[in-house]
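This report walks through some features of one protein chain. Look over the sequence and the structure before reading on.

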Amino acid sequence: MSASYFPVRSGTSSRSCQPVLSALRVQDHFCRQSLSVSMTSRSPSRIWPLYAVNFFMADMQSGIGPFVGVFLQERGWATGLIGTALTIGNVAGMLVTTPIGGFIDSSRNKRLWVVIPGICVVLASAIILISQNFWAVTFSQVAQSLASAAIVPAVTGITLGIAKQKGFNALNGRNQAFNHAGNMVGAALSGYLGYKFGYVAVFVLAAVFGAVAIACVMMIPAKSIDDRQARGSKEDESKNPPDAMTVLLKHKPLLVLALALAIFHLGNAAIVPLYGLAAVAEGQANGPSFVATTVVIAQGVMVVTSLIAMKAASKRNYWPVILVSFMFLPIRGVLAFFVTGWWGVVPMQVLDGIGTGLQTVAVPGMVARSLDGSGRINLGQGAVITVQGVGASLSPALGGWIAQWIGYGPTFLLLGSFGLASMALWLAFGAAVKKY
């Protein structure tokens with residue numbers, strides 16, 4: 001309540017009331033600042049549903065993907081055909097990621113862009129259970145990729161809209177910790193249910209996670225999301241419309257980031273699926289439980305790593321965090337060459353957890369920081385994910401066909417070498433990206 005609403009009695013001097021009025025004005029100012037800046041402490045009703053969305057949105061990002069390969073392999077699919085189906089789905093997701101980022105920037109209903117991915121995950125799970133026809137499986141992967149394309153910029157926008165630029169790094173770090181915890185729990189449940197009841201239970205669980213995420217995002221009050229802050233704008237949308245891919249091409253640091261990530265994921269995206277296929281093909285592991293174990297270990301490490309990345313970025317910047325994340329891919333490639341099956345799971349996935357955990361905090365943080373004030377943060381996020389997705393989309397087909405031709409071991413070495421290329425690019429253009 002404003003101090004001006006308190007009347008002064010007749011006969012009371014204005015000077016004697018000044019301390020009271022001043023105190024009330026200070027209190028009023030403090031309350032307003034608290035509501036707009038300290039969302040975590042003042043508005044838990046807005047924060048815990050966001051944490052819950054990050055927890056349950058795990059299957060919107062990776063979804064049934066890690067289990068699809070071994071599921072189809074057990075039904076007679078060759079590695080090349082599996083990789084092709086996954087690649088088609090990934091390409092579809094890659095093509096829509098940038099437009100979706102623009103839609104999210106201009107949208108007045110950020111929560112809708114979490115609801116849509118949730119529906120896509122439910123559809124993907126249902127389709128693959130109904131039919132294992134090539135085109136049915138491919139369509140399910142397209143639906144999954146649409147979910148993956150929308151969920152990251154959508155949650156980034158919601159987080160910015162709630163925490164503002166000043167509080168984004170801290171809230172995003174906690175978001176990622178909850179997200180990795182959700183991946184870990186989801187994978188553990190998938191492994192157990194898959195072992196006990198088969199793959200049907202795995203895909204049903206993914207659909208349930210998607211439905212719960214939809215319910216959680218609707219619990220976030222729409223008024224708590226500032227649309228201007230959510231897109232990093234200081235102006236009205238009519239004066240600052242989203243721009244498409246030129247936002248990336250005109251911003252050298254983000255272009256370097258996107259290209260380095262594309263090279264990295266060209267090698268990284270196929271390693272875990274191929275590692276699982278190699279172990280199952282050699283009879284060293286049960287499909288669902290093995291894949292679940294690889295995911296649980298990696299995501300458990302990511303919970304801790306994401307919080308460390310948050311602290312490191314707040315003290316310095318995101319450049320060294322991303323550089324370190326690239327270093328772990330070549331190490332994993334060499335390790336996968338020498339060790340397969342259960343013996344290699346723990347070190348392989350610990351390294352993956354460190355590298356990926358660092359990126360999940362640093363990449364959206366660098367985009368948000370570098371585009372602050374442009375009104376195009378979510379569009380920029382989508383553009384970076386699109387270019388990154390080129391590498392991730394080609395990786396399953398590349399790795400699958402190479403493994404079919406020359407075997408799993410040499411393929412792991414080749415995929416790991418892409419991490420060295422990303423490091424070289426990141427160091428070469430260090431002057432352009434170090435300030436972020």
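## Helix 6

Helix 6 covers residues 79–106, which is 28 residues, so at 1.5 Å a residue it should span 40 Å. Its end C-alpha atoms are 41 Å apart, which agrees. The model is predicted.

Helix 6 also has a kink of about 35° at Thr97, shortly before the proline Pro99.

## A nonpolar surface patch

Four residues, Leu129, Val200, Val204 and Val208, make up a nonpolar patch on the surface. Together they have about 290 Å² of accessible area. Helix 9 (residues 199–217) gives the most to this patch, with 3 residues.

Val208 lies in helix 9. Its relative accessibility is 41%, so Val208 counts as partly exposed.

## Aromatic pairs

The count of aromatic pairs comes to 11. In one of them, the rings of Tyr51 and Phe178 have centres 4.5 Å apart and planes at 5°, so this pair is stacked. Tyr51 belongs to helix 3 (residues 44–56) and Phe178 to helix 8 (residues 134–197), so the pair ties together parts that are 127 residues apart in sequence. Tyr51 counts as buried at 11% relative accessibility, whereas Phe178 counts as partly exposed at 36%.

The pair of Phe337 and Phe338 is edge-to-face, because the planes are at 90°, with ring centres 5.0 Å apart. Phe337 is partly exposed, with a relative accessible area of 33%, and Phe338 is exposed, with 64%.

## Salt bridges

How many salt bridges are there? The count comes to 3. One of them joins Asp227 and Arg108, whose closest N and O atoms are 3.8 Å apart. Asp227 lies in helix 10 (residues 227–231) and Arg108 in the loop between helix 6 and helix 7 (112–130), so the bridge ties together parts that are 119 residues apart in sequence. Asp227 counts as buried at 15% relative accessibility, while Arg108 is exposed, with a relative accessible area of 59%. Asp227 also forms a salt bridge with Lys110, the closest N and O atoms being 3.2 Å apart. Lys110 is in the loop between helix 6 and helix 7, 117 residues from Asp227. Both Lys110 and Asp227 are buried.

Asp352 and Arg332 meet in a salt bridge as well, at 3.4 Å from N to O. Asp352 lies in helix 16 (residues 342–370) and Arg332 in helix 15 (residues 319–338), so this pair ties together parts that are 20 residues apart in sequence. Asp352 is buried, with a relative accessible area of 10%, and Arg332 counts as buried at 1% relative accessibility. Through shared partners, salt bridges join Arg108, Lys110 and Asp227 into one network.

Conventions
Residues numbered from 1 in each chain as written. Predicted model: local features only at pLDDT ≥ 70, side-chain atom pairs only at ≥ 80, totals over all residues. Heavy atoms only, no water. Helix = DSSP H or I, 4+ residues; strand = E, 2+ residues; numbered from the N terminus. Expected span 1.5 Å × (residues − 1). Bend = angle between axes of the 7 residues up to and from the residue. Patch = residues over 30% accessible without salt bridge, like charges linked within 9 Å, V, L, I, M, F, W, Y side chains within 5 Å. Areas by Shrake-Rupley, 256 points an atom, 1.4 Å probe, with all protein chains shown as cover. Salt bridge = Lys/Arg side-chain N within 4 Å of Asp/Glu carboxyl O. Buried < 20%, exposed > 50% of the residue type's maximum accessible area, 1.4 Å probe, protein only. Phe/Tyr/Trp six-rings, centres within 6.5 Å; stacked < 30°, edge-to-face > 60°.
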